[in-house]
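Work through the following exercises with the sequence and the model side by side.

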Amino acid sequence: MLSSKPNVYAKMCPSREVLAIIGEKWTSLIIGALAGKTLRFGELMRCCEGVSQKMLTQTLRHLERDGLVLRKVYADELPLKVEYSLTALGDSLVPIVQQAKEWAEDNLLVILANRQAAES
């Protein structure tokens with residue numbers, strides 16, 4: 001357990017690792033894709049265009065380990081059916097991911113213009 005209050009600015013605080021996980025590209029996209037939905041692996045791959053099967057599997061495992069995503073296996077069905085959904089903890093991250101998504105889309109043109117100006 002922590003001996004003091006978490007502080008992401010402190011060098012040795014494990015909250016930095018949590019912040020890094022949240023900031024990963026595929027984490028944000030998966031959390032956003034699962035907002036209010038339950039999806040199968042293939043549906044997540046189609047939703048998160050460009051993610052490799054390996055990276056999606058790895059990210060889902062990390063999110064499940066950290067308690068953000070629930071993996072439900074239907075062992076009585078053939079072929080094996082697996083669904084993913086957000087836990088309450090994962091769902092609490094949705095407004096943050098949504099706000100970051102909206103900010104990125106709203107400011108894309110300005111950022112691209114700034115990049116172009118910097119390269120000129």
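**Exercise 1.** Determine how much space lies in the second largest pocket of this predicted model, and work out which helix gives the most to its lining.

*Solution.* Begin with the volume: the second largest pocket holds about 200 Å³ of space. Next, collect the lining, which consists of Glu-17, Val-18, Ile-21, Ile-22, Arg-65, Asp-66, Leu-68, Leu-89, Ser-92 and Leu-93. Sorting these residues by class gives six nonpolar, one polar and three charged.

**Exercise 2.** Describe the largest pocket by its volume, by the residues closest to its centre and by the helices that supply its lining.

*Solution.* The volume comes to about 350 Å³. Of the 17 lining residues, those closest to the centre are Ser-28, Leu-29, Gly-32, Val-97 and Lys-101. Turning to the elements, at least two lining residues are supplied by each of helix 1 (15–23), helix 2 (25–34) and helix 6 (94–119), and the largest share, seven residues, belongs to helix 6.

**Exercise 3.** Classify the packing of helix 2 against helix 4 as roughly parallel, roughly perpendicular, roughly antiparallel or oblique, and list the residues that make the contact.

*Solution.* Start from the geometry: helix 2 and helix 4 (residues 53–65) pack at an angle of about 75°, and their axes lie 10 Å apart. Because angles of 65 to 115 degrees count as roughly perpendicular, helix 2 is roughly perpendicular to helix 4. On the side of helix 2 the contact is made by Trp-26, Thr-27 and Ile-30, and on the side of helix 4 by Met-55, Leu-56, Thr-59, Leu-60 and Leu-63. By class, the residues of this contact comprise six nonpolar and two polar, with no charged residue among them.

**Exercise 4.** Give the order of the elements along the protein chain, and set its radius of gyration against that of a compact globule of 120 residues.

*Solution.* Counting first, the protein chain has six helices and three strands, and from the N terminus on they follow the order α-α-β-α-α-β-β-α-α. For the overall dimensions, the C-alpha trace spans about 60 × 40 × 25 Å along its principal axes. The radius of gyration of the protein chain is 17 Å, whereas a compact globule of 120 residues would have one near 14 Å.

Methods:
Residues are numbered from 1 along each chain as its sequence is written. This is a predicted model: local features need pLDDT of at least 70, side-chain atom pairs count only at pLDDT 80 or more; totals for chains, interfaces and linings use all residues. Side-chain values use heavy atoms; hydrogens and water are left out. On a 1 Å grid over the protein atoms alone, a cavity is a set of points where a 1.4 Å probe fits but cannot get out, and a pocket is an open set with protein on both sides within 12 Å along at least five of seven lines; lining residues have an atom within 4 Å of a point. Grid points are joined across faces, edges and corners, and a volume is the space filled by probe spheres set on the points. Helices (H or I, at least four residues) and strands (E, at least two) are DSSP runs, numbered from the N terminus. Ala, Val, Leu, Ile, Met, Phe, Trp, Tyr, Cys and Pro count as nonpolar, Asp, Glu, Lys and Arg as charged, and the others, Gly among them, as polar. Axes are lines fitted to C-alpha atoms, for helices over the stretch in contact, and angles run from 0 to 180 degrees between N-to-C directions. Angles under 35 degrees count as roughly parallel, over 145 as roughly antiparallel, 65 to 115 as roughly perpendicular and the rest as oblique. Contact means heavy atoms within 4.5 Å. The radius of gyration is taken over C-alpha atoms; the globule rule is 2.2 Å times the number of residues to the power 0.38.
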